[in-house]
Amino acid sequence: MIEIENVTKVFGQGDSAFTALKDVSVDIAENEFFTLLGPSGCGKTTLLRLIAGFEPPTSGAIRLGGRDISRLPPNRRPVNTVFQNYALFPHMSVSQNIAFGLEMLGKPKSEIRKTVENMLQLVQMEELKSRRTSEISGGQQQRVALARALAPHPEVLLLDEPLSALDLKLRKEMQIELKRLQNETGITFVFVTHDQEEALTMSDRVAVMNAGAILQVGTPREIYERPAERFVANFIGESNFLDADLSAGSVTLRAGGRFDVHAPDGVADGPVSVLVRPEHAAVRVGAPGASEISATVETVVYSGEATTMHLRLSTGEAMKARTANAPGSADIPEKGTSVALGISPGAITVLRD
C-alpha cells in the first residue's frame with residue numbers, strides 16, 4: 001500500500017540545518033496496522049507528516065498503491081489523519097462533525113446521511129449523535145474524531161499519538177477499540193506512538209525509530225523477543241544486559257554459565273553484550289547448579305500480578321528477575337539472600353551494539 005524509498009527530510013539551511021529523517025525506506029502492506037515507535041524527536045511524526053503531505057521530502061519517494069504522491073498536496077491524497085487534540089468543532093453535534101468532511105467533498109445528502117449512520121454504529125455513538133462534542137468525554141471525542149476520519153473511506157488512516165490525552169484505563173480500552181475498527185474497515189492504519197505497550201498491543205508490525213532512522217521492522221513478538229540491536233532491546237520492555245563471550249554458537253556469561261545462542265549476522269566470535277528479559281530468569285534459594293548463576297538479592301518489588309527481584313551478580317553486574325504471583329506460590333527470597341539464578345533455554349539474545 002505504501003512504499004517509502006530512501007526518504008530524507010532536512011529542515012532549515014546551512015549551519016542551522018537539521019536532518020529529521022536519514023535515508024528511510026520501508027514498505028507498509030494493505031490492511032495492515034503499522035506502528036512507528038520511538039522516543040520523542042526520533043522522526044516518527046515527521047515521517048507521518050510526509051505521508052500525509054503536510055511536508056515534502058527533501059529527497060526520496062513516497063508511493064501509495066504504486067503511485068508517486070511525494071509532491072501531491074494533502075487534499076489530493078486518499079489519506080486522512082487523526083491528531084492528538086482531535087480538532088473537533090465544539091459548537092457542532094457528533095453527527096455534524098462526522099458529516100463535515102463529506103460535505104466539503106460535495107457528497108450527496110443521502111450518501112452523507114447513510115455514511116454518518118454507519119460511522120455512528122461503527123464507533124458505537126448512536127445515542128450521542130445529537131450531543132455537542134464539547135459536552136462529551138475525552139474517550140467519546142476520540143471516537144468521533146476516528147469516525148470523521150473514516151467517513152470518506154480513505155485508503156490510509158494516519159494516527160498521531162491519538163491516545164496520549166486519555167487516562168490509563170480508557171487508553172487500554174481504546175487500544176482494543178482501534179484494532180477492532182481497523183479489522184472491520186480493512187483500512188491501512190499507520191500509528192505513531194512512543195508507548196511500547198500501545199505498539200505491542202495493536203500492531204501487525206512495528207518500526208522502531210531513533211535519530212531519524214528505522215532500526216528494525218518486525219512483528220511485536222519479533223521486536224520483543226529478538227531485537228536486532230541494543231537500542232531496540234532497551235526501548236522495548238525491561239532488559240538485562242550482560243557481558244559474555246561468543247564462541248561457536250554459544251555464549252559464556254562473565255558471571256558464569258554457558259548457553260547455546262543464535263548470533264545475528266555480522267557478529268563475530270569474541271566479547272559481546274547479551275539480552276535477558278526479567279521474566280525469563282528464575283530465582284531459587286541455594287547454591288547454583290550447572291548453567292545457573294550465583295546472585296544476591298538487593299531489592300524486592302511487589303506489583304500485584306508479579307514480583308521483581310533486583311539482583312547483584314558476582315561480576316558486580318545488576319540484573320532483574322520477575323516471577324508471576326499466584327495463590328500458593330513459593331515465598332520470595334528476602335533482601336540479602338544468596339540465590340541461584342537460572343535462565344530459560346533460548347532466552348539469551350546476542351546484540352549488535
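Buried means a residue has under 20% relative accessible area, while exposed means over 50% and partly exposed lies in between (1.4 Å probe, protein chains only). Keep that in mind for helix α4 below. This is a predicted model, where local features need pLDDT of at least 70, side-chain atom pairs count only at pLDDT 80 or more, and totals for chains, interfaces and linings use all residues. Residues are numbered from 1 along each chain as its sequence is written, and side-chain values use heavy atoms, with hydrogens and water left out.

Let's start with α4. Helices (H or I, at least four residues) and strands (E, at least two) are DSSP runs, numbered from the N terminus. Of the 13 residues in α4, 10 are buried, so the helix is mostly covered; among them are G139, V144 and L150. These buried residues pack against several elements, including α2 (94-104), α3 (109-122) and β7 (156-160), where contact means heavy atoms within 4.5 Å.

Now the sheet. Six strands form an open sheet in the order β6-β7-β8-β3-β9-β10, with mixed pairing; two strands pair if DSSP finds at least two bridges between them. β6 and β10 (213-218) each have a single partner strand, so one side of each has no neighbour in the sheet. Strands β3 (residues 33-37) and β9 (residues 205-210) run parallel, joined by four bridges, and F34 sits opposite R205 in β9.

| Helix | Strands touched | Direction angle |
|---|---|---|
| α1 (residues 44-52) | β3, β6, β7, β8 and β9 | about 150° with β7 |
| α5 | β3, β7 and β8 | about 160° with β8 |

Axes here are lines fitted to C-alpha atoms, for helices over the stretch in contact, and angles run from 0 to 180 degrees between N-to-C directions.
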